[in-house]
Amino acid sequence: MKKFLLGTVALVALGATVPALAADLPARTYTKAPAYAAPIYNWTGFYVGGHIGGAFNGDSNFGGLSTGNNNDGRFLGGLQAGYDYQFAPSWVLGIEGQYSWLGSNNNGIVFPGGFTYTNNQRALASVTGRVGYTWGPGLLYVKGGYAYSDNNESVTLAGVPTAFAFSGGHRDGYTVGAGLEYMFTQNWSGKIEYQYYNFGNSSFVTPVALAPFGSFRTDDHVVKAGINYRFNWGGPVVAKY
């Protein structure tokens with residue numbers, strides 16, 4: 001019993017001492033955790049830019065008659081401008097105008113009888129809408145709309161220019177495509193893009209001697225890389241947590 005009482009007194013004395021020692025220690029400094037700053041990527045706004053790449057003609061010409069350099073690749077370079085709107089908040093709608101100059105090809109088709117048809121396609125243009133999905137700096141999109149082909153054409157007979165006419169203009173058509181764009185600063189983005197152009201089928205009305213050879217299709221496959229400067233007038237898109 002005496003040992004039990006002595007042990008109890010010792011525990012009580014120790015319990016009284018610990019708070020006193022704790023009171024002599026300096027107060028612990030509270031450090032607030034830094035607030036999470038989400039990166040801000042804003043796709044809303046106007047942009048202008050340029051692009052370079054290559055264009056490849058299709059190969060559907062008057063039942064397979066021999067053509068010169070028909071589907072060889074040609075250099076392409078041009079300009080684009082557009083407007084994007086980001087919503088929901090990971091979707092982007094936009095509209096874009098684009099003009100691309102093409103390297104000379106002077107495709108020639110030699111018909112039996114001495115006629116030669118030449119088409120130097122000088123440029124491609126388009127006005128398209130696009131829709132894409134964004135995850136911060138990245139934007140994956142599809143596009144489609146109106147397309148125009150700037151053609152310089154001629155028909156000769158034994159080297160002499162000859163009047164001609166087609167059943168279709170093969171200047172106005174449509175285009176579809178897809179691409180990936182990446183915003184590497186607040187105002188600058190780069191993209192890679194594939195675009196297909198189709199200007200329909202055409203056949204000769206005159207000279208009458210060329211009408212039996214059927215029709216040909218004017219289409220192009222284009223691969224390009226570009227860069228855009230974005231004005232971001234729509235304000236930042238702020239993530240909520």
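Modeller: Start with the rings: a search of the whole structure finds 16 aromatic pairs. Rings of Phe, Tyr and Trp (its six-membered ring) pair if their centres lie within 6.5 Å. Planes under 30 degrees apart count as stacked, over 60 as edge-to-face and the rest as tilted.

Biologist: Why is the pair of Phe46 and Tyr83 called tilted?

Modeller: The ring centres of Phe46 and Tyr83 are 4.7 Å apart and the planes stand at 55°, so the pair is tilted. Phe46 belongs to strand S1 (residues 45-57) and Tyr83 to strand S2 (residues 74-87), so the pair ties together parts 37 residues apart in sequence. Strands (E, at least two residues) and helices (H or I, at least four) are DSSP runs, numbered from the N terminus.

Biologist: What makes Phe46 and Tyr83 partly exposed?

Modeller: Buried means under 20% relative accessible area, exposed over 50%, and partly exposed in between (1.4 Å probe, protein chains only). Phe46 has 40%, and Tyr83 has 28%. Both values therefore fall in between.

Biologist: Which kind of pair do Phe164 and Phe166 form?

Modeller: Phe164 and Phe166 are edge-to-face, with 5.7 Å centre to centre and 75° between the planes. Phe164, at 28% relative accessibility, is partly exposed, whereas Phe166, at 17%, is buried. Ring pairs also link these two into a cluster with Phe111, Tyr117, Phe204, Phe213 and Phe216.

Biologist: How do you know that a charge sits over the ring of Tyr141?

Modeller: The rule asks for NZ of Lys or CZ of Arg within 6 Å of the ring centre and within 35 degrees of the ring normal. The charged end of Arg130 is 4.4 Å from the centre of the Tyr141 ring and sits over it. Likewise, the charged end of Arg230 sits over the ring of Tyr47, 4.6 Å from its centre.

Biologist: How far can I trust such details?

Modeller: This is a predicted model, so local features need pLDDT of at least 70 and side-chain atom pairs count only at pLDDT 80 or more, while totals for chains, interfaces and linings use all residues. Residues are numbered from 1 along each chain as its sequence is written, and side-chain values use heavy atoms, without hydrogens and water.

Biologist: What makes a nonpolar core?

Modeller: A nonpolar core is a set of buried Ala, Val, Leu, Ile, Met, Phe, Trp, Tyr and Cys residues joined through side-chain atoms within 4.5 Å. The largest here has nine residues: Ile109, Phe111, Phe115, Tyr117, Val155, Phe166, Phe204, Leu210 and Phe216. Leu210 touches Phe111, Phe115, Val155 and Phe204, not counting residues up to four places away in sequence. Contact means heavy atoms within 4.5 Å. Another core, of eight residues, lies apart and includes Leu102, Ala147, Tyr197 and Phe199.

Biologist: Why are S5 and S6 called a pair?

Modeller: Two strands pair if DSSP finds at least two bridges between them. Strand S5 (residues 115-135) and strand S6 (residues 138-157) have 20, so they pair, in the antiparallel sense. Phe115 has Leu157 in S6 as its bridge partner. In their hairpin, with two residues between the strands, Gly136 takes a positive phi near 75°.

Biologist: Which other strands does S6 join?

Modeller: S6 runs antiparallel to strand S9 (residues 172-183), with 11 bridges. There, Gly138 stands opposite Tyr182. S6 also runs antiparallel to strand S7 (residues 160-161), with two bridges.
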